[in-house]
Amino acid sequence: MPRVSQVKPRKGNLRQEVVPFVGDDDRKDLQLLLMDHYDSFTYNLADLLAQLCVEPPTVLAADCVDSWDELDGSFDGVVLSPGPGHPCDPICKISRDCVEQNCNLPILGVCLGHQILGDVYSAAVILSPEPVHGQICRVNLTEASLNDLLWLNIPQPVNVTRYHSLQVS
């Protein structure tokens, strides 16, 4: 399988008040695939995943294979990275195939990755009324979200930085 890189965790790279670095005993034994849609934030995600898991994620360029079937498929989960463009662009083909062919595989989409998930599941991906670039917003999670491991150790409410010109509706 083509591989862009294996990422080694960098201790102390996370802000301790956001997500404390987990000790070796607390790391998750998960083999994760991070699909890289050519966004600079991809390696921030790769570093975070490398800190949280026993093995660093496999980072794969979203256009380095022609078909999802070319991958070995032994992943415990997939993260679809941010990136420029629209979820129907050709570079998103493998990520779309991943979502369509793996309904029982945990998949997290960030920005473009989230838009790919929405588009595959028939949501409309439309232009936002206004592009948002670097705006900090305070987010309050729902009670159901607070019980999800994804949000473990995230303070409530949490400030997030938004960068988007598309929205899923």
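**Close-up views of the predicted model**

**View 1. Tyr38 sits in the loop that joins β2 to α1.** Helices (H or I, at least four residues) and strands (E, at least two) are DSSP runs, numbered from the N terminus. This is a predicted model, in which local features need pLDDT of at least 70 and side-chain atom pairs count only at pLDDT 80 or more, while totals for chains, interfaces and linings use all residues. Residues are numbered from 1 along each chain as its sequence is written, and side-chain values use heavy atoms, with hydrogens and water left out. Phi of Tyr38 is positive, near 60°, although the residue is not glycine. With a relative accessible area of 46%, Tyr38 is partly exposed (buried means under 20%, exposed over 50%, partly exposed in between, with a 1.4 Å probe and protein chains only).

**View 2. Cys111 occupies the loop between β5 (107–109) and α3.** The phi angle of Cys111, near 55°, is likewise positive in a residue other than glycine. Cys111 counts as partly exposed, at 32% relative accessibility.

**View 3. A cis peptide bond links Gln156 to Pro157.** Its omega is near -10°. Pro157 belongs to the loop between α4 (143–146) and β7 (158–168). Most peptide bonds are trans, and most residues other than glycine have a negative phi.

**View 4. Helix α1 (residues 42–52) is shown with its buried residues.** These are Thr42, Leu45, Ala46, Asp47, Leu49, Ala50 and Gln51. They pack against strands β2 (32–36), β3 (58–61) and β4 (77–80), where contact means heavy atoms within 4.5 Å.

**View 5. Helices α2 (residues 93–101) and α3 (residues 112–120) cross at roughly 50°, their axes coming within 10 Å.** The two helices are therefore oblique to each other (under 35 degrees is roughly parallel, over 145 roughly antiparallel, 65 to 115 roughly perpendicular, and the rest oblique). The crossing of α2 and α3 is right-handed. Helix α2 contributes Ser95, Arg96, Val99 and Glu100 to the contact, and α3 contributes Ile116, Leu117, Asp119 and Val120. Of the residues in this contact of α2 with α3, four are nonpolar, one is polar and three are charged.

**View 6. Ser128 lies in strand β6 (residues 125–139).** Ser128 is buried, with a relative accessible area of 10%. A polar atom of the Ser128 side chain lies 3.3 Å from the backbone oxygen of Leu166. Leaving aside residues up to four places away in sequence, Ser128 touches His164, Ser165, Leu166 and Gln167.

Note on methods: Axes are lines fitted to C-alpha atoms, for helices over the stretch in contact, and angles run from 0 to 180 degrees between N-to-C directions. A crossing is left-handed if the near helix is turned anticlockwise from the far one by less than a right angle, and right-handed if clockwise. Ala, Val, Leu, Ile, Met, Phe, Trp, Tyr, Cys and Pro count as nonpolar, Asp, Glu, Lys and Arg as charged, and the others, Gly among them, as polar. A polar contact is a pair of N or O atoms within 3.5 Å; within protein, one must be able to donate a hydrogen and the other to accept it, and residues adjacent in sequence count only if both atoms are side-chain atoms.
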